[in-house]
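Please work through each task before reading its solution.

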Amino acid sequence: MGKAGLDCPEVVVARGLGWTTGSAMALVASVGCYPTPDPPWLVDDRPELLALRLEVASEGEYSAVVAATPADRYRTEALPGDTITMRPWVTDATRVWPEDELDVAYFACFGVACIDALRNPSASDGCTDLVDLQAPACFIGRGALVDFVIPSGPLEVLSTGVPEILAVAGLPGVATTDACVEALREDPTGDVHDCMLLERFVAVGPRWVLGLLQQAALDADATDGGSTDGGDTDSDDGYVPPPEVYLEWPNFNPEVERFSVAVSRQGSVRTIDAAPSDRIHVRAGDQVVVDFAPDPRDDQRYATELAEDGSVNRIAESGFADWFVNHRLDAFTNEPLGTSRVQWQVPRDVAELRIDLRVNDGRGGVGWGSLFFEVDGTPR
């Protein structure tokens, strides 16, 4: 399971050598006979951290002006003072790992790549209420359902899109999380091949609220320092958000809630409306098509802030989907990349299959879900 095949023509291939001092993999071109890499959709025997979801667990004072999300959605866009919870998604060939069985350490990084920032001594210190760019990393916590309070300032730093979150964990039963953290702190970076690493940004906002906060700070500075325009601090060019933003949902995580499954056998088609974690019975040789049916609410559109000319900047999310499966499948297709459909033929050498789907709204929100297929090995 998950072993690469051997492809021996004399071709130039790129091979990953490990982590550099940045967050990219070093690559080298070589000529020779090397194993054919597994397709990106194949879930291997080794656990893999495929996503890290951020959910606003409690709101600070600045979120009082923000509209509530739908009752069945979790806000991902956070403002200073909001508390976010980290939700890791780890899978391997046999299961989706429960969060309480994972030992994940979380760090916040400000203005630099987390892989570099972990070498700073501040990465061992707990995060505080303020961002200090001289101490570019801090320790959030470790374990299941770890919370992180977005720093309250300085606003000009937070408005640039920091912090970022780095999740670090050792492969269960192979390496410890402590060993992985220590390897990342080495210069150059140590061996992290038995580690799960994922770095992602925090969606700070809504942006129009940050604009209001920054305008309030400017007005306060003008009042404290004395006005230069005869004492009138109510300038006509101050930030005024469009009224409709007070009624718009903030950005929330998309959800995987429904699948449409079609199973074809000898010219007949069986259609199934399925929910995540459902179990579907199929036979070896069946042709299966799985469509993800997204909720229209997850295709969010909202105002963000005023442009320099006074017009409203608007965002239209462009969500996309990534599919994974825990067994090699004939003609498994997911083209073009990000499509909401996959199709494949049920193999004869496996009793059960799991199809995983990860959705991403492109603005910091992620969701996932799985379907299980129980296989009767007798073809018809």
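Two strands pair if DSSP finds at least two bridges between them. Helices (H or I, at least four residues) and strands (E, at least two) are DSSP runs, numbered from the N terminus. The model is predicted: local features need pLDDT of at least 70, side-chain atom pairs count only at pLDDT 80 or more, and totals for chains, interfaces and linings use all residues. Residues are numbered from 1 along each chain as its sequence is written, and side-chain values use heavy atoms, with hydrogens and water left out.

**Exercise 1. The strand pair**

Task: Determine how E8 and E9 run and how many bridges join them.

Solution. Step one: E8 and E9 are antiparallel, and seven bridges join them. Step two: within this pairing, Ile 165 has Arg 200 of E9 opposite it. Step three: five of the seven residues of E9 are buried, so the strand is mostly covered; buried means under 20% relative accessible area, exposed over 50%, and partly exposed in between (1.4 Å probe, protein chains only). Step four: Arg 200 also places its charged end over the ring of Phe 201, 5.8 Å from the ring centre. A charge sits over a ring if NZ of Lys or CZ of Arg is within 6 Å of the ring centre and within 35 degrees of the ring normal. Arg 95 and Trp 97 give another case, with 3.7 Å from charged end to ring centre.

**Exercise 2. The whole chain**

Task: State how many helices and strands the chain has, and what share of its residues is buried.

Solution. Step one: there are four helices and 20 strands. Step two: of the 380 residues, 46% are buried. Step three: among contacts (heavy atoms within 4.5 Å) with a separation of 6 or more, 68% join residues 24 or more positions apart.

**Exercise 3. The cores**

Task: Identify which residues touch the most other members of the largest nonpolar core.

Solution. Step one: a nonpolar core is a set of buried Ala, Val, Leu, Ile, Met, Phe, Trp, Tyr and Cys residues joined through side-chain atoms within 4.5 Å. Step two: the largest such core has 41 residues, and those touching the most other members are Leu 52, Ile 84, Met 86, Tyr 106, Ile 140, Phe 148 and Ile 165. Step three: elements that each supply at least two residues of this core include strand E3 (48-58), strand E4 (83-91), strand E8 (164-170) and helix H4 (207-225). Step four: leaving aside neighbours within four places in sequence, the contacts of Ile 140 include Met 86, Tyr 106, Cys 127, Phe 148 and Ile 165. Step five: a second, separate core has 29 residues, among them Phe 259, Val 325, Phe 332 and Leu 353.

**Exercise 4. The aromatic pairs**

Task: Count the aromatic pairs and classify the pair of Trp 89 and Phe 324.

Solution. Step one: rings of Phe, Tyr and Trp (its six-membered ring) pair if their centres lie within 6.5 Å; planes under 30 degrees apart count as stacked, over 60 as edge-to-face and the rest as tilted. Step two: this rule gives eight aromatic pairs. Step three: the ring centres of Trp 89 and Phe 324 are 6.3 Å apart and the planes stand at 70°, so this pair is edge-to-face. Step four: because Trp 89 lies in strand E4 and Phe 324 in strand E16 (residues 320-325), the pair ties together parts that are 235 residues apart in sequence. Step five: Trp 89 and Phe 324 are both buried, and together with Trp 368 they form one aromatic cluster.

Task: Classify the pair of Phe 259 and Phe 292.

Solution. Step one: with 6.4 Å centre to centre and 55° between the planes, this pair is tilted. Step two: Phe 259 belongs to strand E10 (residues 259-265) and Phe 292 to strand E13 (residues 287-292), 33 residues apart. Step three: both Phe 259 and Phe 292 are buried.

**Exercise 5. Loop residues**

Task: Decide whether Asp 298 is buried or exposed.

Solution. Step one: Asp 298 is in the loop between E13 and strand E14 (301-306). Step two: its relative accessible area is 10%, so Asp 298 is buried. Step three: beyond neighbours within four places in sequence, Asp 298 has contacts including Arg 73, Phe 252 and Glu 317.

Task: Locate the cis peptide bond that joins Asp 187 to a proline.

Solution. Step one: the bond runs to Pro 188, with omega about 5°. Step two: Pro 188 lies in the loop between helix H3 (177-185) and E9.
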